[in-house]
Amino acid sequence: MPDIAKETLLRIYNNMVRLRCLDDKINELIASGIGITQHSTRGQEATTVAACAALEPADYVMPYPRGWGWAIGKGMDPKILLAELLGKKTGCCAGKGGVHVADWSLRIMGRPGVQAAHVPLAAGVGLSIKFRKTRDVVLCFFGDGASNEGNVHEGMNLASVWKVPVVFICENNLYALFTPYEETTSVRDIADRAQGYAIPGVIVDGNDAIAVYEAAREAIERARSGKGPTMIESKTYRIHGHTAMDRFHLGGYRPKQEVEEWEKKDPVKRLRERLIEMKTASEAELGEIERRAKEEIEEAEKFAKESPYPTVEEIFCDVYVE
Ligand SMILES: Cc1ncc(C[n+]2csc(CCOP(=O)(O)OP(=O)(O)O)c2C)c(N)n1
Ligand SMILES: [Mg+2]
């Protein structure tokens, strides 16, 4: 039995289910012709959600482009997120950020568009925490493809030199766009690269929410107690294509059978089965979580669609600090 409070386990399950419903809803909106985009997190929900569950409210998240798990995990209301994606005034950036979701009140520092550009910024946030002498921690997410960018090297090196409280989480979903990671990555385990920065490198089964939570909790405690950064490599898989525009992900650049094998390791289903097996929750309780999540996302869609767009006069607000 894992040493995790029942309330935490249920929060993780709830957020994973809410994230999946939101992901499905956005794909539905895209299919209906609404001009938005997303990098689906189906199959990857455990990493961002369970890692964020190990944070405290004052901790920071440096998001990356895949999905919205870091937003849901850090407490963003799906209504506000969906309104932002639809360019509405009620969104977290008043409709002017679009996919570049940020909410500084939740310490979500802003989803980048340039892969890996945020990694040195995570070291910077860590340095600011050190100067301010608070006990906060930064969780910084990036993908396997991004792990080969110079920015990751610079950010991880500086974070180690400065011994700042940053936990780097690389979600290795085996592909960057249409390229398998072995074709672009020098090592089999990206976590091995942590050695080059003299920090711990941890490998975790990214489809096991409990394992991710435990690994993140340990790394976060280490960072909080002044021992510096950790790198976690979460091994997982994206079930959908790179984005909804990707028509070649099934049987094109990756074998259909590979996708089917990973579908059997569905992290949501897997946590559900564990919760039942450990008697953490009953079938009825989990069913209620799933029903409520669906309802919440339907309401979020209605809210986002009915919300107004920003006015022309509002376009130049929030551009500079006033
Ligand atoms: C610096 C930079 N190069 C290229 C791109 C275009 N691009 C967007 S997503 C992506 C693949 C990223 O792969 P990975 O880091 O593995 O993340 P995943 O999409 O698998 O979650 C690329 C190359 C970009 N956004 N930024
Ligand atoms: Mg990838």
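How many bridges join strand β2 to strand β3, and in which direction do the two strands run?

Reply: In this predicted model, strand β2 (residues 138-143) is joined to strand β3 (residues 166-172) by 6 bridges, and the two run parallel. One residue pair within this pairing is Cys140 and its bridge partner in β3, Phe168.

Both strands belong to an open sheet of 5 strands, ordered β1-β2-β3-β7-β6 and paired in parallel. At the edges are β1 (60-62) and β6 (201-205), each of which pairs on one side only. From one strand to the next, the twist averages 20°.

Helix α7 (residues 209-224) lies across β3, β6 and β7 (230-235), and runs at about 170° to β7. The surroundings of Val167 can be listed by contact. Leaving aside neighbours within four places in sequence, Val167 is in contact with Val137, Leu139, Ala216, Ala219, Ile220, Ala223, Pro229, Thr230 and Ile232.

Helix α1 spans residues 6-31 and includes Arg18. Arg18 is buried, because 24 other C-beta atoms lie within 10 Å and 20 or more are enough for that label. Not counting residues up to four places away in sequence, Arg18 touches Ile72, Pro78, Ala293 and Glu296. The C-alpha atoms of Arg18 and Gly73 are separated by 9.9 Å, although the two residues are 55 apart along the chain.

How values were computed:
Residues are numbered from 1 along each chain as its sequence is written. Chains are lettered from A and ligands numbered from 1 in the order in which they are written. This is a predicted model: local features need pLDDT of at least 70, side-chain atom pairs count only at pLDDT 80 or more; totals for chains, interfaces and linings use all residues. Helices (H or I, at least four residues) and strands (E, at least two) are DSSP runs, numbered from the N terminus. A residue is buried if 20 or more other C-beta atoms lie within 10 Å of its own, exposed if 12 or fewer, and partly exposed in between; C-beta atoms are placed from the backbone. Two residues are in contact if their C-beta atoms, placed from the backbone, lie within 7 Å. Two strands pair if DSSP finds at least two bridges between them. Axes are lines fitted to C-alpha atoms, for helices over the stretch in contact, and angles run from 0 to 180 degrees between N-to-C directions.
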